[in-house]
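The sequence and structure come first.

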Amino acid sequence: MVSADAARTAVGVLGNAIALFLFLSPMPTFIRIWKKGSVEQYSPVPYLATLINCMVWVLYGLPMVHPHSTLVVTINGAGTLIEVVYILLFLLYSDRQKRLRVAAVVLIELVFISALAALVLTLVHTHERRSMVVGIVCMVFNIMMYASPLSVMKLVITTKSVEYMPFFLSLASFANGLCWTAYALIRFDLFIAASNGLGSLFGLAQLILYATYYKSTKRHMAARKIREMSLSEVVVDNGGDEDSKKTNGTAPQTEIRRA
């Protein structure tokens, strides 16, 4: 029979794979941003929330805080690096006002995680207490990360379009929440179980929204494409009319000069 520790490790490895997919799932979004040279209506909130979430979980998984949590450190360390790349791209293709807001939030996050690490490691002296303090913080930020697409969900409901809510990000979020909830239940960890259980519900809500508004999104995008094509044709026609007017207007002047 497979031991609980072996099962937990296997689920943790699977959780690492799914979480890595979650962190990489916004790549099509950032490829689009790079090609268009603009962040358009995309929100930086999910990436800022994921960054602080990954950093606090790295702190939680350190041996001096919560021993035997290597799998927590590995995936959240990778997630931290990936989110830094996303935020740098967001800063590069944002307008000045949005760029300043994002930079300010990143600075606040760095100050916060540095202060938390210093206080916990110097003032709290047992693994149990350190795990409890950092675990509570982790639970709060994990819920914030899962809930961060709420602003995008509001936009979806308002516009009846899922264009700016990437499907793979929602799917990966749901699967990630389920996997880490199972990981926490095998050898009970309240902080991982509670936040990821709630996170799976947020992910499910996003998938339901996607299924609800997918067809209307296709109709909106098709209608917008038709409007753009019609507008381009009008511009071309107006340009041709102007050219013809100039040609017709110069002909009589040429004849008068010849006379």
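## Model confidence

The chain has a mean pLDDT of 82, and 88% of its residues reach 70 or more; pLDDT is the predictor's confidence in each residue, from 0 to 100. A contact here means heavy atoms within 4.5 Å.

This is a predicted model, in which local features need pLDDT of at least 70 and side-chain atom pairs count only at pLDDT 80 or more, while totals for chains, interfaces and linings use all residues. Residues are numbered from 1 along each chain as its sequence is written, and side-chain values use heavy atoms, with hydrogens and water left out.

## Salt bridges

Two salt bridges are found in a search of the whole structure. The term covers a side-chain nitrogen of Lys or Arg within 4 Å of a carboxyl oxygen of Asp or Glu. R32 pairs with E40, and their closest N and O atoms are 3.2 Å apart. E40 also forms a salt bridge with K36, at 3.2 Å from N to O. Through shared partners, R32, K36 and E40 are joined into one network.

Relative accessible area is classed as buried (under 20%), exposed (over 50%) or partly exposed (in between), using a 1.4 Å probe and protein chains only. E40, at 26%, is partly exposed, and R32 is partly exposed at 23%.

S195 is part of helix α9, which spans residues 190-258. Helices are DSSP runs (H or I, at least four residues), numbered from the N terminus. With a relative accessibility of 0%, S195 is buried.

Leaving aside residues up to four places away in sequence, S195 touches W57, M139, N142, I143 and Y146. With N142 there is also a polar contact between the two side chains, at 2.9 Å. A polar contact is a pair of N or O atoms within 3.5 Å; within protein, one must be able to donate a hydrogen and the other to accept it, and residues adjacent in sequence count only if both atoms are side-chain atoms.

## Nonpolar surface patch

A nonpolar patch on the surface is formed by L20, L24, M27, I31 and W34, which together have about 460 Å² of accessible area. Patch members have over 30% relative accessible area and no salt bridge, and nonpolar side chains (Val, Leu, Ile, Met, Phe, Trp, Tyr) are joined within 5 Å. Areas come from the Shrake-Rupley method with a 1.4 Å probe, and for residues only the protein chains shown count as cover.

Helices α1 (4-24) and α2 (27-36) each supply at least two residues of the patch. The most come from α2, with three residues. W34 lies in α2 and is exposed, at 53% relative accessible area.

Terms used: Patch = residues over 30% accessible without salt bridge, like charges linked within 9 Å, V, L, I, M, F, W, Y side chains within 5 Å.
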